[in-house]
Amino acid sequence: VIKDIPEAAGFYPDSNYFGLGVIFLLITAIPSFLKDRAFIWRMLSKYHIFVIMMIALTWFALSNRVGFGSFIIEYPLPEWLTKAASVFRASNRMFYPVFYTLIFVIITMIIRNLDTKSATLVLLIALIIQITDTSAGWISIRNRLNTKPDSVPLSLFASPIWKDASQKYKKIRWIMPDNNTMHWRDISNYAAFNNLSTDAVYLARIGPNELKSAREKASNAMKNGT
């Protein structure tokens, strides 16, 4: 519903978009926040460590490079701090816990301060708005994953020789070692169902030095016939 706002290169603000339904809930809940301030302060005091963690995660998610549309505010950080923080990679993901906490808080305030029928109606309207608004992001994925394949691919391990091999060997290797290799799904499934270990896998992240070492080791094994 809300049109896309062009952003500077390297920014992905859509990953923390609340959705128009939640924005509608937030606006609807403003009177509840004003009315129930005593409850809010009581919860903030009771769970102050949690609140501090949420503030810290928000600060980290904002990072030292903040964008407003195509406008960027950036300030330098010491190299050691940037290197230490890079272990978390995409800083905007640190906002996920805050994101869900805020949604739960908004829903809680509506339920606490409206009668059952009114709260149900408001939440139902918000749900319909949310589904309609966010469908632009997920409906194409749903359609793609919900389609039956035209044909069932022939398994690499259809031959009975592979069943015999699983009784003789303890590992199934991919030469040369790599990440997200061709047929890694078939190989890893075969390994899993036959209690074999394997290096044919798809990992989210890999260490380049470790991969280089594994390739050298595999290359030597091939040369030496081991």
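In the predicted model, Tyr-190 is buried, with a relative accessibility of 9%. Phe-157 is likewise classed as buried, at a relative accessible area of 15%. The ring centres of Phe-157 and Tyr-190 lie 4.3 Å apart and the ring planes meet at 5°, so this pair is stacked.

In total, eight aromatic pairs were counted. The pair formed by Phe-99 and Tyr-100 is edge-to-face, because its planes stand at 80°, with the ring centres 5.3 Å apart. Phe-99 is buried, at a relative accessible area of 10%. Phe-99 and Tyr-100 also belong to a cluster linked by ring pairs, together with Phe-18 and Phe-95. A further ring, that of Phe-39, has Arg-112 over its face at 3.7 Å from the ring centre.

Backbone geometry was examined as well. The peptide bond between Ile-175 and Met-176 is cis, with omega near 5°. Met-176 is located in the loop between strand E3 (171-172) and H8. The loop between E3 and H8 also holds His-183, a non-glycine residue with a positive phi of about 65°. His-183 is partly exposed, at a relative accessible area of 35%. A positive phi of about 65° is also found at Ser-63, which is not a glycine. Ser-63 lies in the loop between helix H3 (48-62) and strand E1 (65-68) and is partly exposed, with a relative accessible area of 23%.

Note on methods:
Residues are numbered from 1 along each chain as its sequence is written. This is a predicted model: local features need pLDDT of at least 70, side-chain atom pairs count only at pLDDT 80 or more; totals for chains, interfaces and linings use all residues. Side-chain values use heavy atoms; hydrogens and water are left out. Rings of Phe, Tyr and Trp (its six-membered ring) pair if their centres lie within 6.5 Å; planes under 30 degrees apart count as stacked, over 60 as edge-to-face and the rest as tilted. Buried means under 20% relative accessible area, exposed over 50%, partly exposed in between (1.4 Å probe, protein chains only). A charge sits over a ring if NZ of Lys or CZ of Arg is within 6 Å of the ring centre and within 35 degrees of the ring normal. Helices (H or I, at least four residues) and strands (E, at least two) are DSSP runs, numbered from the N terminus.
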